[in-house]
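Please walk me through this structure, one selection at a time, and tell me what is there at each stop. I have the viewer open and am new to this structure.

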Amino acid sequence: MRKVICPGSFDPVTNGHLDIFQRASEMFDEIVVAVFHNPNKEKAMFSMQERVDMLQECTRDIANIKVDAFTGLLHEYVRGQNANVVLRGLRALTDFEYEFQRALMIKKLDPDIETIFMMTGTDYSFLSSTGVREILAFGGCVSELVPECVEKKIKEKQVQP
């Protein structure tokens with residue numbers, strides 16, 4: 001069975017993420033979308049459990065996806081899932097530089113784990129979770145950038161005191 005781990009903070013999940021998941025679902029038998037806490041990013045908009053719940057809801061039509069959460073080192077998580085492939089989405093050259101360094105580090109820690117890169121669709125090459133959070137911080141509309149279920153959760157959060 002060809003299994004791939006697609007890790008990310010997904011805070012929030014965007015239509016660009018879904019594009020990668022959908023296309024990868026046609027290439028692999030199983031995709032594990034693995035939500036992790038990134039200590040290098042500012043305070044999260046959503047808890048890990050909220051992100052898992054949103055991912056499960058917006059990927060429910062993709063039969064071969066499993067959503068999970070983890071903390072710790074990625075290569076250990078990959079091994080714990082009995083996998084040896086990591087999938088990373090790329091938007092621009094700056095993504096490649098960052099992801100390439102991460103892939104080399106994982107390779108150093110576990111030479112049997114491969115990282116593959118998938119370019120996002122051109123409709124989403126500008127889109128990032130950080131960009132979505134910035135738009136929201138200024139009261140902008142993100143309805144064309146995130147799945148409907150995610151937009152609903154964002155609106156619920158914005159209403160809370």
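What volume does the largest pocket have? The largest pocket has a volume of about 600 Å³. Before selecting anything, note that this is a predicted model, in which local features need pLDDT of at least 70 and side-chain atom pairs count only at pLDDT 80 or more, while totals for chains, interfaces and linings use all residues. Residues are numbered from 1 along each chain as its sequence is written, and side-chain values use heavy atoms, with hydrogens and water left out.

**Stop one: the largest pocket**

Select His17, Arg88, Gly89, Arg91 and Glu99, which lie nearest the centre of the largest pocket among the 29 residues that line it. A pocket here is an open set of points, on a 1 Å grid over the protein atoms alone, with protein on both sides within 12 Å along at least five of seven lines, and a lining residue has an atom within 4 Å of a point. Grid points are joined across faces, edges and corners, and a volume is the space filled by probe spheres set on the points.

Next, colour strand E1 (3–8), helix H1 (15–25), strand E4 (85–90), helix H4 (93–109) and helix H5 (129–137), the elements that each give two or more residues to the lining of the largest pocket. Helices (H or I, at least four residues) and strands (E, at least two) are DSSP runs, numbered from the N terminus. H4 supplies the largest share of this lining, with five residues. By class, the lining of the largest pocket has eleven nonpolar, twelve polar and six charged residues, where Ala, Val, Leu, Ile, Met, Phe, Trp, Tyr, Cys and Pro count as nonpolar, Asp, Glu, Lys and Arg as charged, and the others, Gly among them, as polar.

**Stop two: the second largest pocket**

The elements that give two or more residues to its lining are helix H3 (74–80) and H4, and H4 gives the most, with five residues. The lining of the second largest pocket divides into ten nonpolar, six polar and one charged.

**Stop three: the cavity**

A cavity is a set of grid points where a 1.4 Å probe fits but cannot get out, and by this rule the count comes to one cavity of 30 Å³ or more. To find it, select Leu74, Val86, Arg88, Glu99, Arg102, Ala103, Ile106 and Thr115, which line the largest cavity. About 40 Å³ of space lies inside. H4 again gives the largest share of the lining, four residues, and the lining as a whole divides into four nonpolar, one polar and three charged residues.

Now centre on Phe21, which, leaving aside its neighbours within four places in sequence, is in contact (heavy atoms within 4.5 Å) with residues including Cys6, Phe10, Val13, Ile31 and Leu55.

**Stop five: backbone details**

Most residues other than glycine have a negative phi, and most peptide bonds are trans. In the loop between E1 and H1, select Phe10, whose phi is positive, near 50 degrees, and which counts as buried at 4% relative accessibility. In that loop you also find Pro12, joined to Asp11 by a cis peptide bond with omega about 0 degrees.

Then move to Asn82 in the loop between H3 and E4, which has a positive phi of about 55 degrees although it is not a glycine. Asn82 is exposed, with a relative accessible area of 69%.

**Last stop: Lys153**

Finally, select Lys153 in helix H6, which counts as partly exposed at 33% relative accessibility. Not counting residues up to four places away in sequence, Lys153 touches Phe46 and Met54. From C-alpha to C-alpha, Lys153 and Gly89 are 24 Å apart in space, and they are 64 residues apart in sequence.

Definitions and conventions:
Buried means under 20% relative accessible area, exposed over 50%, partly exposed in between (1.4 Å probe, protein chains only).
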